[in-house]
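Visitor: I would like a short tour of this structure. Where shall we begin?

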Amino acid sequence: ELRLVGNHFEDYHSIHFAVAIQGVSTIRGFHCEFCEPADILMPALASLPSLEKVTLGSFEYGPAEGLTNLLKSPSLRSIEFSGFDFISGTSQALLTAFEEGSSVTNLLFTDCYIGWENSASSAKKCVRENSLPCWK
């Protein structure tokens, strides 16, 4: 498992990190407490062909497409959102990924904030329609 700990990464550090892990086939798990900037990190994670498990902490969210593509990664089976703020874009990314086809079978929300009116219903719809265990 690859762990990214701390929240003092500058954009240029994140770019170098994302380039370094791009397409690496030996990374099966990823844990990140503060994943910023998301628009750089999410595509790199989505490119990992053997990635099975991801834990995402809080991050400044960019385009929803990056999270949607990560959730649609063929090898990804488990994702945990920890201390995560679900706002309009993140909730829509979650719903879109499952509507378009996701291989995730374990979805966990730990200490998450539901800050958009339709976020809770989107998350529950996603879980209900895909028979996923999720709330902690």
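Visitor: In which hand does H2 pass H3?
Guide: This is a predicted model. In it, helix H2 passes H3 in a crossing. The hand of that crossing is left-handed.

Visitor: Are H2 and H3 roughly parallel or roughly antiparallel to each other?
Guide: H2 spans residues 38-46, and its axis lies 8 Å from that of H3. The two helices pack at an angle of about 20 degrees. Angles under 35 degrees count as roughly parallel. H2 and H3 are therefore roughly parallel.

Visitor: Which residues of H3 does H2 meet?
Guide: The H2 side of this contact consists of Met-42, Leu-45 and Ala-46. On the H3 side they meet Gly-66, Leu-67, Asn-69 and Leu-70.

Visitor: How many bridges pair E1 with E2?
Guide: E2 covers residues 29-34 and pairs with E1 in the parallel sense. Arg-3 stands opposite His-31 in E2. Leu-4 has Cys-32 as its bridge partner. The number of bridges between E1 and E2 is three.

Visitor: Which residue of E3 stands opposite Cys-32?
Guide: E2 also pairs with E3, in the parallel sense and over five bridges. In that pairing, Gly-29 has Lys-53 as its bridge partner. The residue opposite Cys-32 is Leu-56.

Visitor: With which residue does Arg-3 meet in a salt bridge?
Guide: Two salt bridges are counted. For the Arg-3 pair, the N to O distance is 2.7 Å. A salt bridge requires the nitrogen and oxygen to lie within 4 Å, so this pair qualifies. The partner of Arg-3 is Glu-1.

Visitor: Is Glu-1 buried or exposed?
Guide: Arg-3 has 46% relative accessibility and counts as partly exposed. For Glu-1 the value is 60%. Exposed means over 50%. Glu-1 therefore counts as exposed.

Visitor: With which residue does Glu-100 form a salt bridge?
Guide: The closest N and O atoms are 2.6 Å apart. The partner of Glu-100 is Lys-72.

Visitor: How many residues apart are Glu-100 and Lys-72?
Guide: Glu-100 belongs to helix H4, residues 88-100. Lys-72 sits in the loop between H3 and E4, and is partly exposed at 30% relative accessible area. The pair links distant parts of the chain, with a separation of 28 residues.

Visitor: How far apart in space are Gly-101 and Ser-73?
Guide: Gly-101 is found in the loop between H4 and E6. It is partly exposed, with a relative accessible area of 38%. Gly-101 and Ser-73 are 28 residues apart in sequence. In space, C-alpha to C-alpha, they are apart by 9.4 Å.

Visitor: What pattern does the protein chain follow along the sequence?
Guide: The protein chain has five helices and seven strands. Read along the sequence, the pattern is β-α-β-α-β-α-β-β-α-β-β-α.

Visitor: What share of the residues in the protein chain is buried?
Guide: Buried means under 20% relative accessible area. The protein chain has 136 residues. The buried share of them is 43%.

Conventions
Residues numbered from 1 in each chain as written. Predicted model: local features only at pLDDT ≥ 70, side-chain atom pairs only at ≥ 80, totals over all residues. Heavy atoms only, no water. Pairing = 2+ DSSP bridges. Helix = DSSP H or I, 4+ residues; strand = E, 2+ residues; numbered from the N terminus. Salt bridge = Lys/Arg side-chain N within 4 Å of Asp/Glu carboxyl O. Buried < 20%, exposed > 50% of the residue type's maximum accessible area, 1.4 Å probe, protein only. Axes fitted to C-alpha atoms, helices over the stretch in contact; angles between N-to-C directions. Parallel < 35°, antiparallel > 145°, perpendicular 65-115°, else oblique. Left-handed = near helix turned anticlockwise from the far one by under 90°. Contact = heavy atoms within 4.5 Å.
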